[in-house]
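Good morning, and thank you for coming. Please look at the sequence and the structure on the screen while I speak.

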Amino acid sequence: MVKKTDNGHLLPKLDLRRYFMRKYHADGSARVMDCCSGSGRLWFQLRREFVIASYWAIDVKPKAGRLKVDSARVLAQPGWAENVIDIDTYGSPWKHWAAMLPNIGIPTTVFLTVGRRNIAHANASPTNIPWADYAIVGAEQVARAIPPGTRHVLFRSTLELIAATHLSRALIYGKVVECREAATASLTRYIGVRLEPSASAAKP
Amino acid sequence: MSTRKKSSASARTAPVSTSDLAADARNPRFMSDVSAAGLAASIEAFGDLSGIVWNKRTGQLVCGHQRLEQVHGKWGPQPIEIIDADRELGMIRIDDDHCFTVRVVDWPQEKQHAANVTANNPKIQGEFTGDVVAYIRDIETLLAGAALIDDVLLADLLDDFAANDPTQLIKIDVKPPPAMTWVLIGIATPRFGRIAETIDGLGRVPEIIIESTLNDG
């Protein structure tokens with residue numbers, strides 16, 4: 001029997017971060033921006049395992065010891081100096097990703113959680129993918145044309161295309177040194193990316 | 001990729017015997033002999049404790065506390081319709097999809113308490129087998145489309161099974177996907193069979209996505 005524990009969510013996320021931390025931040029130089037820190041459990045564990053230079057927790061919900069702000073807005077501003085960006089959203093990380101890419105000035109490791117919840121909003125399609133995401137893969141019109149009861153057939157294949165399209169936008173701003181995904185049985189995707197900005201990219 | 005979904009269109013007639021109630025051959029649940037014996041003993045001692053059960057001697061619920069709380073939270077207090085006065089069986093009927101049986105018993109408080117803990121005892125419940133992953137995978141797009149995959153915590157369940165395995169980190173080759181041209185084709189269902197193989201063949205061509213479904217919505 002498999003016992004139900006919170007570690008179900010935690011383990012693949014931790015293993016992914018451990019891999020990149022060992023490979024790119026073993027020298028203790030990691031300056032972490034934890035964009036959707038929630039309970040802070042993930043980095044509470046990682047900070048026990050790795051020496052890091054600084055840790056900055058941000059969340060839209062107030063809590064002692066962290067900044068209450070929309071982290072996508074922080075990432076959209078040039079000048080931050082963190083080299084580990086953790087975007088552990090429960091829904092879509094792509095708004096953060098798009099905001100962050102133009103402002104990366106140094107080699108940076110990014111963690112993305114691509115979930116399902118909270119993707120829905122007032123402008124979302126019935127499959128919970130925002131119409132804007134359908135639009136970036138050119139599928140908005142066809143998605144709108146499909147009868148609502150059968151629209152879910154587009155869900156999975158389109159979601160993968162949307163992720164691939166967003167990820168590839170990194171190539172506009174520099175080089176993707178490495179990208180790995182933690183393989184799980186979950187529908188949620190856990191992705192780690194090592195980015196190197198091009199010479200003309202923003203400097204902090 | 002080709003995914004064809006068929007609706008279970010044929011409505012079955014109402015069962016007249018428990019022998020009409022066929023088991024789901026893929027039911028991803030397992031019950032040990034010890035648990036099964038415990039469940040049998042519970043049924044023998046208390047009857048069916050799976051719905052809302054109310055003890056008229058104490059005026060208290062035996063079981064169904066959480067269920068009733070959710071019903072009240074969503075729909076407020078509801079009338080109870082008598083289904084079988086002799087057997088004191090009632091029903092909260094909100095709509096066709098939301099009906100809850102209410103069973104009335106007349107027990108001393110000790111028996112009520114014994115039934116309460118028995119009804120919630122995980123030791124006499126089944127457990128999921130590893131087959132549950134494939135079972136959920138087969139319906140995940142439908143569930144995700146209805147936002148159910150997260151809302152009823154099935155994604156968490158999948159994560160629990162994943163947690164038992166060491167995490168493999170798969171390399172992703174980041175490159176722009178091809179620009180897609182999307183074509184929506186409607187085919188009269190009676191004609192679909194003739195060209196299904198052609199469509200499946202097309203779906204095996206790289207960078208072509210074919211998704212098909214019956215329009216049952």
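Predicted model: local features only at pLDDT ≥ 70, side-chain atom pairs only at ≥ 80, totals over all residues.

Residues are numbered from 1 along each chain as its sequence is written, chains are lettered from A and ligands numbered from 1 in the order in which they are written, and side-chain values use heavy atoms, with hydrogens and water left out.

Let us take chain B. It has 8 helices and 10 strands; helices (H or I, at least four residues) and strands (E, at least two) are DSSP runs, numbered from the N terminus. Of its 217 residues, 26% count as buried, where buried means under 20% relative accessible area, exposed over 50%, and partly exposed in between, with a 1.4 Å probe and protein chains only.

In which order do the strands of the open sheet in chain B stand? The order is β4-β3-β7-β6-β5, with mixed pairing; two strands pair if DSSP finds at least two bridges between them. At the edges are β4 (60–63) and β5 (81–84) of chain B, each of which pairs on one side only. Strand β5(B) is joined by 3 bridges to β6 (residues 89–95) of chain B, and the two run antiparallel. Within this pair, B:Glu81 stands opposite B:Met91.

Next, consider A:Arg17 in helix α1 (residues 7–24) of chain A. Is this residue buried or exposed? A:Arg17 counts as buried because its relative accessible area is 0%. The side chain of A:Arg17 makes a polar contact with the side chain of A:Asp86 at 2.7 Å; a polar contact is a pair of N or O atoms within 3.5 Å, and within protein one must be able to donate a hydrogen and the other to accept it, while residues adjacent in sequence count only if both atoms are side-chain atoms. A polar atom of the A:Arg17 side chain also lies 3.1 Å from the backbone oxygen of A:Lys13.

Finally, I turn to strand β6 (residues 174–183) of chain A. It is joined by 8 bridges to the antiparallel strand β7 (residues 189–197) of chain A, where A:Lys175 stands opposite A:Glu196. β6(A) also pairs with β9 (residues 168–171) of chain B, in the antiparallel sense over 4 bridges. There, A:Ala183 stands opposite B:Gln168.
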